[in-house]
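Subject: Structure for handover

Hello,

Below is the structure I am passing on to you. My notes on it follow.

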Amino acid sequence: MAELLKLNEKELRSLQLAELEGLKFFHDFCESHGLTYYLCGGCLIGAVRHQGFIPWDDDTDVLMPRPDYEKFIELYKKEKPSQRFVLVNDDDSHFSGNIFAALNDTNHTMVKDYQENMDTPHGIPLDIFPIDGLAEGKCARYIQYFFTMVYSLFRAQTVPKNHGGLLGFGSKILLGIFRGKKLRYRIWKFAQKRMTRYSFDESQNVAELCAGFYFMKKVYPRSIYDSKVLLDFEGEKFYAMSGFDEYLKIPFGNYMELPPEEERLPHHDIVKLQLNTPCR
């Protein structure tokens, strides 16, 4: 595995400005097609706290209600609006290691450690996460989480980092048993159907099931997303959910307080970055 890059302040800022181009393109596409999205995670904290990127942040993320997410993928594949911004969404013939869609800016080259040997567009990604309705009963929700984990394992096709013990061992066993790409695809498509059976619009609570083990179990009231607001971000305006304060407090607590200085670090493992060099 290649050595991880440590970006200096100038390099990180150049990366952020390149990521802003992808966010602007995505926003314009959603606006022209009546699609709903929201800033999330570090992007949303940055918009609220810094009116731009968190100074040490190195990526861009957005959320879309599941119906808008599926419609976005459908429209983007059909229209192919840009050769520069490429939709990366895995199927039975393409594998990126992600369990969500991404819009990659191929005018630049960025390789993450887990994608180093993958045949996928290594552009600068805008990660797009769906928001799904949650089951209300305790038993039904555990079943939904189970199918989410099956989906995540067979779509990513790798054992998640930091998942040791029984979970990690079981994941390795399952991937060892079910080796064929077509078979793994059928398994994750079946699991996806089961985990997304609860309507976003009709559910009392929702979750980011495709955002990883930690975030998938965070429960958000559906009312947080009843409307959207425009927030300033790097001199532009992008959408957030109307209940963004409540949304951010659920996973991050007092998000307006800066973390300790030693924790102000980029959190994505990049092994190669060449801005303004088109990726393969």
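**Salt bridges**

Glu-21, Lys-24 and Glu-236 are joined in a network of salt bridges, a salt bridge being a side-chain nitrogen of Lys or Arg within 4 Å of a carboxyl oxygen of Asp or Glu. Please note that this is a predicted model, in which local features need pLDDT of at least 70 and side-chain atom pairs count only at pLDDT 80 or more, while totals for chains, interfaces and linings use all residues. Residues are numbered from 1 along each chain as its sequence is written, and side-chain values use heavy atoms, with hydrogens and water left out.

There are eleven salt bridges in the structure. One of them joins the side chains of Arg-13 and Glu-234, at 2.8 Å from N to O. Arg-13 belongs to helix α1 and Glu-234 to the loop between β9 (228–233) and β10 (236–241), so this pair ties together parts that lie 221 residues apart in sequence. Helices (H or I, at least four residues) and strands (E, at least two) are DSSP runs, numbered from the N terminus. Arg-13 is partly exposed at 33% relative accessible area, and Glu-234 is partly exposed at 21%. Here buried means under 20% relative accessible area, exposed over 50%, and partly exposed in between, with a 1.4 Å probe and protein chains only.

Arg-222 has a salt bridge with Asp-201, where the closest N and O atoms are 3.6 Å apart. This pair links distant parts of the chain, 21 residues apart: Arg-222 is in the loop between β8 (220–221) and β9, and Asp-201 is in the loop between α6 and β7 (205–207). Arg-222 also meets Asp-226 in a salt bridge, at 3.3 Å from N to O. Arg-222 counts as buried at 16% relative accessibility, whereas Asp-201 is exposed at 51% and Asp-226 is exposed at 56%.

**Strand β6**

Ten of the ten residues of strand β6 (residues 124–133) are buried, so the strand is largely enclosed by the rest of the structure. In a regular strand, side chains alternate between the two faces of the sheet. Both faces of β6 are covered, with Ile-124, Leu-126, Ile-128, Pro-130 and Asp-132 buried on one side and Pro-125, Asp-127, Phe-129, Ile-131 and Gly-133 buried on the other.

Strands count as paired if DSSP finds at least two bridges between them. Strand β2 (residues 60–65) pairs with β6 in the parallel sense over six bridges, and Met-64 has Pro-130 as its bridge partner in β6. Strand β4 (residues 101–105) runs antiparallel to β6 and is joined to it by five bridges; Leu-103 has Leu-126 as its partner. Two bridges join β6 to β7, again antiparallel, and Asp-132 stands opposite Ala-207 in β7.

**Gln-192**

Gln-192 sits in helix α6 (residues 181–195) and counts as buried, at 13% relative accessibility. Leaving aside residues up to four places away in sequence, Gln-192 touches Glu-70, Tyr-151 and Arg-155, contact meaning heavy atoms within 4.5 Å.

**Second largest pocket**

The second largest pocket holds about 390 Å³ of space. Of its 19 lining residues, Lys-6, Leu-7, Leu-12, Leu-265 and Pro-266 are the closest to its centre. A pocket is an open set of points on a 1 Å grid over the protein atoms alone, where a 1.4 Å probe fits, with protein on both sides within 12 Å along at least five of seven lines; lining residues have an atom within 4 Å of a point. Grid points are joined across faces, edges and corners, and the volume is the space filled by probe spheres set on the points. Helix α1 (residues 9–33) gives the largest share of the lining, four residues.

Regards
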